[in-house]
Amino acid sequence: MTESTATHHDSNQSESILGYAGLMPFVLAIIYSLTGATEAVNISTQVFVSYSAIILSFLCGALWHKVRVANWSRPLLLVTNILTLLGWTCLALSPTLALLALALCYGLVLLIEQWADRDETQQYLALRRRLTVIVVGLHLLFLILT
């Protein structure tokens, strides 16, 4: 394995570890909500929705940077900002509406990334697909359980 290949492998491994570790607050909020206490459900809902809005903003910010660097279609700058603002708006919505809107936004971010970011490796895009499916699934699971 060359140094370049080893560095690329380490980078991919780090992306995977960080990506999956980023799922933990979602999972912990779901577990806490299962205690059955009304306060636990309220707190876990607030944690879940606010963390989701933060992660959505992070993903949109990363896309915003890619749009600028790669000179993608400029309207994508507007779309990423709209998705970020929608995520922020979800903090004021009912939990049901917020969870559905956030799940939809994650799907849209993935579609944009898959369509526009052809420079990314297939391995990275596959990781993003897996993580997005899990995140959307966790949103739907949380919606069903609470």
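I looked up residues 47–65 in this predicted model and found the chain 100% helix and 0% strand there, with the end C-alpha atoms 27 Å apart. Helices (H or I, at least four residues) and strands (E, at least two) are DSSP runs, numbered from the N terminus. I then took residues 17–35, where the span is 79% helix and 0% strand and the end C-alpha atoms lie 28 Å apart. The UniProt record (unreviewed entry) places "transmembrane region" at residues 17–35, 47–65, 85–112 and 124–145; such annotations may be inferred rather than shown by experiment.

I next examined helix H5 (residues 95–116) against helix H6 (residues 122–145): they pack at about 170°, with axes 9 Å apart. The axes are lines fitted to C-alpha atoms over the stretch in contact, and angles run from 0 to 180 degrees between N-to-C directions. H5 is therefore roughly antiparallel to H6 (an angle over 145 degrees). I noted the contact (heavy atoms within 4.5 Å) as including Leu 99, Ala 103 and Tyr 106 of H5 and Arg 128, Val 135 and His 139 of H6.

I searched for disulfides (cysteine sulfur atoms within 2.5 Å) and found 0. The sulfur of Cys 105 is the nearest to that of Cys 60, at 7.3 Å, and Cys 60 is buried at 1% relative accessibility (under 20%, 1.4 Å probe, protein chains only).

I record that residues are numbered from 1 along each chain as its sequence is written, and that side-chain values use heavy atoms, without hydrogens and water. Local features need pLDDT of at least 70 and side-chain atom pairs 80 or more, while totals for chains, interfaces and linings use all residues.

Technical notes:
Buried means under 20% relative accessible area, exposed over 50%, partly exposed in between (1.4 Å probe, protein chains only). Angles under 35 degrees count as roughly parallel, over 145 as roughly antiparallel, 65 to 115 as roughly perpendicular and the rest as oblique.
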